[in-house]
Amino acid sequence: MKIKIAPSLLSADFSQLGLEVRKTERAGADLIHWDIMDGHFVPNITFGPVVVEKLRKKTKLPFDVHLMIENPDDFLEDFVRAGADMISVHAEACLHLQRTVHHVKDLGAKVGVALNPATPLNAVEFVLGDLDFILIMTVNPGFGGQKFIPSVIPKIRKAKEMIQAQGSKAEIEVDGGLNEENIPLVVAAGANILVAGYSVYCRGGIAKNIKLLRKSAERGMKLGMAQKPGFENFKKEMR
């Protein structure tokens with residue numbers, strides 16, 4: 001699958017979001033990732049549908065909207081109307097997950113289910129056939145700039161195995177603490193949609209940073225092909 005870099009606006013300059021989005025598109029990003037937080041499901045508050053709608057006209061890039069909120073069903077229509085092309089909901093926040101998944105599909109957006117680091121993959125096993133992607137968190141959601149949790153890497157590998165076993169076409173998105181050091185491991189494990197905030201916006205030029213992340217992803221593709229069996233190789237690479 002094609003590697004997709006999805007810069008997260010959570011780490012962008014909030015006072016210049018329109019400019020940041022345009023710069024991100026020119027820098028070669030594949031998606032714009034929106035971390036939507038409500039102060040309840042996670043301990044932070046970020047963007048609402050109105051902000052997404054205002055920024056929609058600033059770029060042609062797809063909007064990847066990650067709902068880290070309670071009662072996501074109440075806001076699905078609002079975010080799709082605002083311009084969301086992809087919506088992910090948390091399994092932990094949905095009482096009737098399959099109903100929510102189908103609601104997103106009926107609204108015309110691609111749908112994914114997000115899983116916190118401690119949430120097992122079986123939470124999506126019986127809706128996988130309806131998903132366009134699984135979003136695996138490699139930090140506990142709520143804040144940008146957190147440290148990557150390496151123990152989640154086997155979960156990414158198992159997600160890939162589960163997708164292949166079911167004959168699904170779902171992609172694997174990973175979000176949390178990604179940088180040029182750990183991206184090869186994440187990609188080798190099976191991910192192809194890479195969310196990065198701090199690594200894109202907080203360390204110099206956006207274009208330069210996206211290029212570095214893409215090169216790291218290419219390393220991961222080679223690593224995955226050369227070292228498929230066993231997890232020992234992953235641990236060696238992390239040292």
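Predicted model: local features only at pLDDT ≥ 70, side-chain atom pairs only at ≥ 80, totals over all residues.
The model contains an open sheet of eight strands, paired in parallel. Across the sheet, the strands follow the order β1-β8-β7-β6-β5-β4-β3-β2. In general, the strands of a sheet pair through backbone hydrogen bonds, and the pairing may be parallel or antiparallel.

Which strands stand at the edges? They are β1, residues 4–7, and β2, residues 32–37. Each has a single partner strand, so one side of each is left without a neighbour in the sheet. From one strand to the next, the twist averages 20°.

## Strand β6 and its partners

Strand β6 covers residues 133–137 and pairs with β5, residues 110–115, in the parallel sense over four bridges. Within this pairing, Val 113 stands opposite Ile 134 of β6. Leu 115 has Ile 136 as its bridge partner in β6. Strand β6 is also joined to β7 by five bridges, and these two strands run parallel. Ile 136 has Val 174 as its bridge partner in β7.

Is β6 enclosed or open to the outside? Five of its five residues are buried, so β6 is largely enclosed by the rest of the structure. Both faces of the strand are covered. Phe 133, Leu 135 and Met 137 are buried on one side, and Ile 134 and Ile 136 are buried on the other.

Helix α1 is made up of residues 17–26. Its buried residues are Leu 17, Gly 18, Glu 20, Val 21 and Thr 24. Viewed down the axis of α1, these residues fall within an arc of 165°, so they line one face of the helix. Just after α1 comes Gly 28, which takes a positive phi of about 100°.

## The annotated residues

An unreviewed UniProt entry places the feature "binding site" at His 33, Asp 35, His 66 and Asp 175.

His 33 is in strand β2. With a relative accessibility of 0%, His 33 counts as buried. Apart from residues up to four places away in sequence, His 33 touches Ala 6, Pro 7, Ser 8, Leu 9, Asp 64, His 66, Glu 173, Asp 175 and Val 195.

Asp 35 is also in strand β2. Its relative accessible area is 4%, and Asp 35 is therefore buried, the cut-off being under 20%. The side chains of Asp 35 and His 33 are joined by a polar contact of 3.0 Å. Setting aside neighbours within four places in sequence, Asp 35 is in contact with Ser 8, Leu 10, Thr 46, Phe 47, His 66, Met 68 and Asp 175.

## Asp 175 and Glu 171 in β7

Asp 175 lies in strand β7. Its relative accessible area is 8%, and Asp 175 is buried. Beyond its neighbours within four places in sequence, Asp 175 is in contact with several residues, among them His 33, Asp 35 and His 66. Its contacts also include Leu 135, Ile 136 and Met 137, which are buried residues of β6.

Glu 171 lies in β7 too, a strand that covers residues 171–175. Glu 171 is buried, with a relative accessible area of 14%. Which side chain makes a polar contact with the side chain of Glu 171? The partner is the side chain of Lys 4, at 3.1 Å.

Methods: Residues numbered from 1 in each chain as written. Heavy atoms only, no water. Pairing = 2+ DSSP bridges. Axes fitted to C-alpha atoms, helices over the stretch in contact; angles between N-to-C directions. Buried < 20%, exposed > 50% of the residue type's maximum accessible area, 1.4 Å probe, protein only. Arc of directions from axis to C-beta. UniProt positions renumbered as here; feature names shortened; annotations may be inferred. Contact = heavy atoms within 4.5 Å. Polar contact = N/O pair within 3.5 Å; in protein donor to acceptor, adjacent residues only side chain to side chain.
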